[in-house]
Amino acid sequence: MKVYVIRHGQSEANRLDLYAGWESVPLSQQGLAQVRCTRDLLREIPFDRVYSSDLRRAQQTAREIFPYLEPICTPQLREICVGSLSGMPLADCMAQYGQQYLDCEQQQDFACFGGETQQQMQSRIGSFLGQLEQETELEHVAVVGHEGTVHQFLCHALGTPVLLEHLRIENASVTVLEYSNGNWKLLFFGQGGPSRV
């Protein structure tokens with residue numbers, strides 16, 4: 001089974017440099033253009049199923065790229081919850097919370113702001129992956145999520161933690177993984193966007 005993990009297109013929160021977390025944020029006009037390019041690149045692949053985060057920006061992305069397949073939406077694929085930082089400009093987070101904010105961002109642990117820890121996000125993504133691994137009849141699966149979703153899929157496939165700060169996961173980029181005989185393999189990492197898929 002090949003799994004195409006797609007980050008949503010640019011959202012209005014991305015455009016305005018705001019934390020989105022679990023907020024219901026739509027795609028920007030640029031985001032819509034990005035996902036239409038991704039749709040063209042994936043057009044020839046015979047997808048069996050599309051899973052999506054249930055957050056608005058991911059659902060919009062899934063429906064734009066795969067108009068012929070109704071996405072199966074699940075909160076398991078959501079971005080990490082950032083609690084009270086939701087909707088705040090990134091610059092304001094730094095100005096208001098300083099080093100506390102920087103430490104949370106680096107560790108992807110927002111519990112002190114009423115959000116999730118990285119371990120909590122790993123647990124729900126891991127639960128989704130465990131279910132996906134049982135779908136042995138599927139050949140091509142799309143998963144539409146967020147920067148954090150792609151990050152967790154990569155860590156799982158590689159079998160080792162990778163700091164998010166060391167990755168550049170572009171909006172509307174595609175990361176391709178393969179699951180076979182109980183093992184995950186990274187086939188392509190979408191750094192730099194979807195142009196090489």
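Me: In what order do the six strands of the open sheet stand?
Reply: In this predicted model, the six strands make up an open sheet whose pairing is mixed. From one strand to the next, the twist averages 25°. Read across the sheet, the order is β3-β2-β4-β1-β5-β6.

Me: Which strands stand at the edges of the sheet, each with a single partner strand?
Reply: A strand with a single partner has one side left without a neighbour in the sheet, and so the edge positions fall to β3 (72-74) and β6 (183-188).

Me: Which residue of β3 is the bridge partner of Y51?
Reply: Strand β2, which spans residues 49-53, pairs with β3 in the parallel sense, and three bridges join them. Within β3, the bridge partner of Y51 is I72.

Me: At about what angle to β1 does helix α7 run?
Reply: Helix α7, residues 147-158, lies across several strands, namely β1, β4 (140-145), β5 (174-180) and β6. Its direction relative to β1 is given by an angle of about 150°.

Me: Is Q10 buried or exposed?
Reply: Q10 is placed in the loop between β1 (2-7) and α1 (12-15). Beyond its neighbours within four places in sequence, Q10 is in contact with residues including R15, L27, G31 and N171. Its relative accessible area is 11%, and because buried means under 20%, Q10 counts as buried.

Me: With which side chain does the side chain of Q10 make a polar contact of 2.5 Å?
Reply: Among the residues in contact with Q10 are S28, Q30 and Q34. The polar contact of 2.5 Å joins the side chain of Q10 to that of S28.

Methods
Residues are numbered from 1 along each chain as its sequence is written. This is a predicted model: local features need pLDDT of at least 70, side-chain atom pairs count only at pLDDT 80 or more; totals for chains, interfaces and linings use all residues. Side-chain values use heavy atoms; hydrogens and water are left out. Helices (H or I, at least four residues) and strands (E, at least two) are DSSP runs, numbered from the N terminus. Buried means under 20% relative accessible area, exposed over 50%, partly exposed in between (1.4 Å probe, protein chains only). A polar contact is a pair of N or O atoms within 3.5 Å; within protein, one must be able to donate a hydrogen and the other to accept it, and residues adjacent in sequence count only if both atoms are side-chain atoms. Contact means heavy atoms within 4.5 Å. Two strands pair if DSSP finds at least two bridges between them. Axes are lines fitted to C-alpha atoms, for helices over the stretch in contact, and angles run from 0 to 180 degrees between N-to-C directions.
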